[in-house]
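The exercises below concern pairs of charged side chains. Work through each task before reading its solution.

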Amino acid sequence: FIILLGDVLDIGTPSDGTVTTAKLADDAVTAAKATGFGKIAQVVQTVKTDIFTSTTASYTDVTGFSVAITPSATSSKVLVMAQYNMGVDSGYKLYSTLLRGSTEIYRGDQVGSNRKRSSYSGKANANDDSVTVSHIFLDSPNTTSATTYKIQAFPESGGTISFNSTKHSSGNDVTANSVDAASITAIEVLA
């Protein structure tokens, strides 16, 4: 704008690239106008503080350990992070995986017919062994419907997994062992 003899002369809209950020007032761009750019739209978290055990030798939902999020746009991505501890009987293997609804979204490729596919697998050398498992996965759910992320786990046949504790502290009330906390977090990232 140019002021000529007290009147404002409107010279139109500035051409692209002519207004630098230094020329913008601090409050000129508000959060309501700043869309996209990888902006975080929402964060949802579930914390589990009790023990879950299972002897089922196939993937089983970990009770009380899921998180639901409703993306605001189909182009949004969802960053899913989970961290937890698990134990299993001495000498047995354990497995876990991350799912969106009933679909495994973060697991290894199939190699041969007798290999387990999982996000994590491990083996206990003693009953008081536990493993810390972390999953970090950027998902593209392509929906604006409520979407649930969860963990499933299972022991090798004949074993018992203990989620949020070691097998020893789950089977016996031993004060030297602990009951752990676990969290699963879903973060919507705008495209």
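## Salt bridges in a predicted model

Aspartate 50 and lysine 48 form a salt bridge, with their closest N and O atoms 2.7 Å apart. The model is predicted. Side chains of opposite charge can pair when their charged atoms come close.

**Exercise 1.** Decide for aspartate 50 and for lysine 48 whether the residue is buried, partly exposed or exposed.

*Solution.* Step 1: buried means under 20% relative accessible area, and exposed means over 50%. Step 2: aspartate 50 has 42% relative accessibility, so this residue is partly exposed. Step 3: lysine 48 has a relative accessible area of 4%, so lysine 48 is buried.

**Exercise 2.** Find the strands that hold lysine 150 and aspartate 61, and classify each of the two residues.

*Solution.* Step 1: lysine 150 forms a salt bridge with aspartate 61, and the closest N and O atoms are 3.2 Å apart. Step 2: lysine 150 lies in strand β11 (residues 147–155) and aspartate 61 in strand β5 (residues 60–69). The two are 89 residues apart, and the pair links distant parts of the chain. Step 3: lysine 150 is buried, at a relative accessible area of 17%, whereas aspartate 61 is partly exposed at 35% relative accessibility.

**Exercise 3.** Classify both partners of the salt bridge between arginine 107 and glutamate 104.

*Solution.* Step 1: the closest N and O atoms of this pair are 2.7 Å apart. Step 2: arginine 107, at 34% relative accessibility, is partly exposed. Step 3: glutamate 104 is partly exposed at 23% relative accessibility.

**Exercise 4.** How many salt bridges are counted?

*Solution.* With a cut-off of within 4 Å, the count comes to 4 salt bridges.

Key
Residues are numbered from 1 along each chain as its sequence is written. This is a predicted model: local features need pLDDT of at least 70, side-chain atom pairs count only at pLDDT 80 or more; totals for chains, interfaces and linings use all residues. Side-chain values use heavy atoms; hydrogens and water are left out. A salt bridge is a side-chain nitrogen of Lys or Arg within 4 Å of a carboxyl oxygen of Asp or Glu. Buried means under 20% relative accessible area, exposed over 50%, partly exposed in between (1.4 Å probe, protein chains only). Helices (H or I, at least four residues) and strands (E, at least two) are DSSP runs, numbered from the N terminus.
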